[in-house]
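Have a look at the model first, then read on.

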Amino acid sequence: MPAGREKKNDRLGQVQFLTVAEVADIMRVSKMTVYRLVHSGELPAVRVGRSFRVPENEVHAYLENAYYSAG
């Protein structure tokens, strides 16, 4: 196996994927809201068959970037 491919497989092996329902629970929103974020490209996801899986680190990154100051 080429060295570049091994590195890519190592990274993918460390990624935790969440279902849309799990993401909705974490974010305290509906599954439809998560689907909208995925389809708009705001939340990266991988399509597996007819389902989507969202990398856990992308959920946390999205939430960190969603903070804003009111006032």
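## Ground rules and layout

Helices (H or I, at least four residues) and strands (E, at least two) are DSSP runs, numbered from the N terminus. On that basis the protein chain reads α-β-α-α-β-β-α along its sequence, with four helices and three strands.

Bear in mind that this is a predicted model: local features need pLDDT of at least 70, side-chain atom pairs count only at pLDDT 80 or more, and totals for chains, interfaces and linings use all residues. Residues are numbered from 1 along each chain as its sequence is written, and side-chain values use heavy atoms, with hydrogens and water left out.

## Whole-chain numbers

Accessible areas come from the Shrake-Rupley method with a 1.4 Å probe, and for residues only the protein chains shown count as cover. The protein chain exposes about 5700 Å², with carbon and sulfur atoms supplying 49% of that. Buried means under 20% relative accessible area, exposed over 50%, and partly exposed in between (1.4 Å probe, protein chains only). Of the chain's 71 residues, 18% count as buried.

Contact here means heavy atoms within 4.5 Å. Among contacts in the protein chain with a separation of 6 or more, 42% come from residues 24 or more positions apart.

## The core and H2

A nonpolar core is a set of buried Ala, Val, Leu, Ile, Met, Phe, Trp, Tyr and Cys residues joined through side-chain atoms within 4.5 Å. The largest one has twelve residues: Leu18, Val20, Val23, Ala24, Met27, Val34, Leu37, Val38, Leu43, Phe52, Val54 and Val59. At least two residues each come from helix H2 (20–27), helix H3 (31–40) and strand S3 (51–55), and H2 gives the most, with four. As for Val54, its contacts beyond four places in sequence are Gln16, Phe17, Leu18, Val23, Val38, Leu43, Pro44, Ala45 and Val59.

Which residues of H2 are buried? They are Val20, Val23, Ala24 and Met27. Seen down the axis of H2, these buried residues fall within an arc of 100° (taken over the directions from the helix axis to the C-beta atoms), so they line one face of the helix. An α-helix has 3.6 residues a turn, so residues three or four places apart point the same way. The buried residues of H2 pack against strand S1 (17–19), H3, S3 and helix H4 (56–65).

Arg28 sits in the loop between H2 and H3, and its phi is near 60°, a positive value in a residue other than glycine. Most residues other than glycine have a negative phi. Arg28 counts as exposed because its relative accessibility is 73%.

## The surface patch

Patches are made of residues with over 30% relative accessible area and no salt bridge; like charges are joined within 9 Å, and nonpolar side chains (Val, Leu, Ile, Met, Phe, Trp, Tyr) within 5 Å. A salt bridge is a side-chain nitrogen of Lys or Arg within 4 Å of a carboxyl oxygen of Asp or Glu. Phe17, Val46 and Val48 form a nonpolar patch on the surface, with about 240 Å² of accessible area together.

Val48 lies in strand S2 (residues 46–48) and is partly exposed, at 48% relative accessibility. Val46 is also found in S2, and at 37% relative accessible area Val46 is partly exposed. The C-alpha atoms of Val46 and Phe17 are separated by 8.8 Å, though the two are 29 residues apart along the chain. Leaving aside neighbours within four places in sequence, Val46 is in contact with Phe17, Ser51, Phe52 and Arg53.
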